[in-house]
Amino acid sequence: MHFFSAQHNLLGGWAIVGGHIALAVGVAFGMRYRSRDDLVLCIFGDGATNQGYFHESLNMAALWRLPVVLFCENNLYGMGGAVERVSAVTAMARKACAYDIPAQTVDGMDVAAVYRACMQAVEHVRSGRGPYFIEAETYRFRGHSMADPGLYRTKEEEQQWRQRDPIERLRLELGRTGALDDAAFGEVERRAAKAVDEAVRFAESSPAPDISELTRYTYAREAEHG
Amino acid sequence: MAEISLRQALREALIEAMRADDSIFVIGEDVNRYGGSYGVTKDLADEFGDDRIRDAPISEAGLLGLATGAAMYGLRPVAELMTINFALLASDAIVNHASKVRSMFAGQASVPLVIRTVGGAGAQLAATHSQNLEAMFAHIPGLYVGTPATPYDAKGMLTTALHSHDPVLFIEHALLYGLKGEVPDQPYEIPLGQADVKRRGDDVTLIAYARMVHVALDVAERLAEQGVEAEVIDLRWLRPLDGETLIRSVKRTNRAVVIEEDWRSYGVGAEVAARIQEEAFDWLDAPVARVAAVEAPIPYARNLEQAALPDTDRVLAQLRELYVTA
């Protein structure tokens with residue numbers, strides 16, 4: 001949450017559930033306005049589909065055929081709220097049909113299946129036919145936050161889903177097809193762990209921001225705040 | 001220079017800016033076919049087309065979120081909210097997103113967004129269509145808030161807003177669209193946070209904005225008949241607030257009255273009074289007075305609505321009570 005990198009076209013992790021769907025649709029609106037061949041990938045959870053933003057944004061995206069892939073990670077819980085306790089419709093892909101947006105449900109624990117679904121979505125969007133909706137059925141292994149004891153679900157359920165760990169499944173599949181043996185896969189994992197460790201070290205060893213940063217970005221012209 | 005209505009002044013600002021910059025587009029409910037509920041964007045689609053004068057569904061939250069995203073992408077949306085009362089539906093997008101993108105992401109993105117909307121009471125539109133909610137939004141760092149009182153200011157301030165790098169909430173008063181005044185033909189700007197002395201006087205400073213500027217000017221004329229010369233300051237921008245102009249005036253007149261159409265509690269007048277006592281306490285001969293709307297939802301019935309809002313007589317009565325004016 002709160003990450004943003006303009007140079008990577010990563011337009012933010014947002015902290016108001018569902019609010020960023022409208023922002024993503026706005027960026028897609030800009031692409032259409034400028035007749036660019038780009039598209040937006042907007043990722044949100046099952047919880048976000050009960051927000052007004054979700055419905056207003058899907059309506060506008062479909063109405064104006066905007067280039068956006070709507071990617072819903074249905075991990076069965078919005079914080080601690082189980083989908084069936086908070087949503088009248090529990091299959092997220094069905095919510096897209098209210099706006100005539102084509103949708104598919106995919107095994108979110110299968111990396112290759114998610115890749116194929118995304119490629120289909122991208123092809124659809126690039127052909128100018130407007131938004132495409134993907135529901136990826138998945139699970140959150142850890143708590144919603146550091147403070148979440150997970151009392152709303154059972155250890156058995158967590159264990160069952162852990163057996164479908166998408167990274168482990170990918171390792172087995174790549175080994176089976178001979179695309180990547182265990183040693184090579186282990187090397188990829190080591191590189192990833194190293195990158196994370198370095199990022200953490202960088203963050204922890206960076207100085208706290210200077211006090212002048214407090215108002216530096218409130219307005220383009222700092223002097224005008226207040 | 002021509003004498004035109006405030007509505008026409010806004011149209012001129014929009015047309016000139018849209019001709020100069022194709023990243024500017026208008027989006028809102030009924031801005032195209034209908035022409036805007038107050039007629040500001042009427043027929044603009046004839047010149048700029050449906051893509052740049054875009055009718056939107058009745059989805060204020062989604063609309064302002066979309067406009068914020070489009071602004072992050074590099075466009076300059078002019079999002080029209082039919083009235084400021086509907087800004088409440090869009091307040092998440094305005095407060096949590098448009099006003100925070102620059103600071104949360106350390107300047108990696110900006111939101112050059114203009115939100116044009118209509119505020120004010122006095123048209124018998126009842127409680128949910130007659131609110132003055134400017135103080136709620138003027139409270140928010142990261143947002144600019146402007147509200148013009150004259151055609152000249154309307155064109156200049158909207159032109160400024162259309163060039164801003166940060167979001168501007170631009171509040172037009174529902175009863176001022178037909179007001180006429182002299183307006184230059186060429187584009188010009190009125191700097192953010194610059195108030196305007198609408199009348200010179202040495203005896204008391206009347207501070208107002210939007211429609212109340214005209215009440216203040218009327219009060220000043222009545223006071224002049226009694227030998228009291230009032231200075232009238234039009235705030236124009238509520239954020240940033242032009243403290244300097246206020247303080248300079250109060251240090252000369254030693255008395256200040258804020259006339260505001262919003263509710264008194266936690267309102268614009270409260271902020272202005274606080275600024276004055278912070279910076280000109282020793283120059284004051286009397287407490288800063290506030291004349292504001294009665295603290296009730298604004299009623300539909302004409303007599304009740306008029307009783308709820310400040311007018312010349314109410315301001316004069318309060319002045320007499322406060323200062324026992326000659």
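Guide: Begin with strand pairing: two strands pair if DSSP finds at least two bridges between them. The model is predicted. In chain A, A:Ile43 has A:Phe71 of β2(A) as its bridge partner.

Visitor: How many bridges join β1(A) and strand β2 of chain A, and in which sense do they pair?

Guide: The pairing is parallel and runs over 6 bridges, with β2 of chain A covering residues 68-74.

Visitor: What is the order of the strands in the open sheet of chain A?

Guide: The order is β1-β2-β6-β5, an open sheet of 4 strands with parallel pairing. At the edges stand β1 (40-45) and β5 (103-107) of chain A; each has a single partner strand, so one side of each lacks a neighbour in the sheet. On average, neighbouring strands of this sheet are turned by 20 degrees against each other, direction ignored.

Visitor: Let us turn to the interface. How many residues of chain A are in contact with chain B?

Guide: Contact here means heavy atoms within 4.5 Å. By that rule, 38 residues of chain A touch 49 residues of chain B. The two chains bury about 3,500 Å² between them, and 67% of that lies on carbon and sulfur atoms. On the side of chain A, the most area is lost to chain B by A:Tyr33, A:Tyr217 and A:Tyr219, together 20% of what that side buries.

Visitor: Which residue forms a salt bridge with A:Arg34?

Guide: The partner is B:Asp22, with the closest N and O atoms 3.1 Å apart. The count between chain A and chain B is 1 salt bridge. Polar contacts across this interface come to 17 residue pairs, with both residues at pLDDT 80 or more.

Visitor: Which elements give two or more residues to the side of chain A that touches chain B?

Guide: They are α1 (19-33) and α2 (52-63) of chain A. The largest share, 11 residues, comes from α1(A). That side of chain A divides into 21 nonpolar, 11 polar and 6 charged residues.

Visitor: What should I look for in the backbone?

Guide: Most residues other than glycine have a negative phi, and most peptide bonds are trans. In chain B, the peptide bond from B:Arg239 to B:Pro240 is cis, with omega near -5 degrees. B:Pro240 sits in the loop between β12 (237-239) and α9 (243-253) of chain B.

Visitor: Where in chain B is B:Ala106?

Guide: B:Ala106 lies in the loop between α5 (101-104) and β5 (114-119) of chain B. Although B:Ala106 is not a glycine, its phi is positive, about 50 degrees.

Conventions: Residues numbered from 1 in each chain as written. Chains lettered and ligands numbered in written order. Predicted model: local features only at pLDDT ≥ 70, side-chain atom pairs only at ≥ 80, totals over all residues. Heavy atoms only, no water. Buried area = accessible area lost by both parts, 1.4 Å probe. Salt bridge = Lys/Arg side-chain N within 4 Å of Asp/Glu carboxyl O. Polar contact = N/O pair within 3.5 Å; in protein donor to acceptor, adjacent residues only side chain to side chain. Nonpolar A, V, L, I, M, F, W, Y, C, P; charged D, E, K, R; others polar. Axes fitted to C-alpha atoms, helices over the stretch in contact; angles between N-to-C directions.
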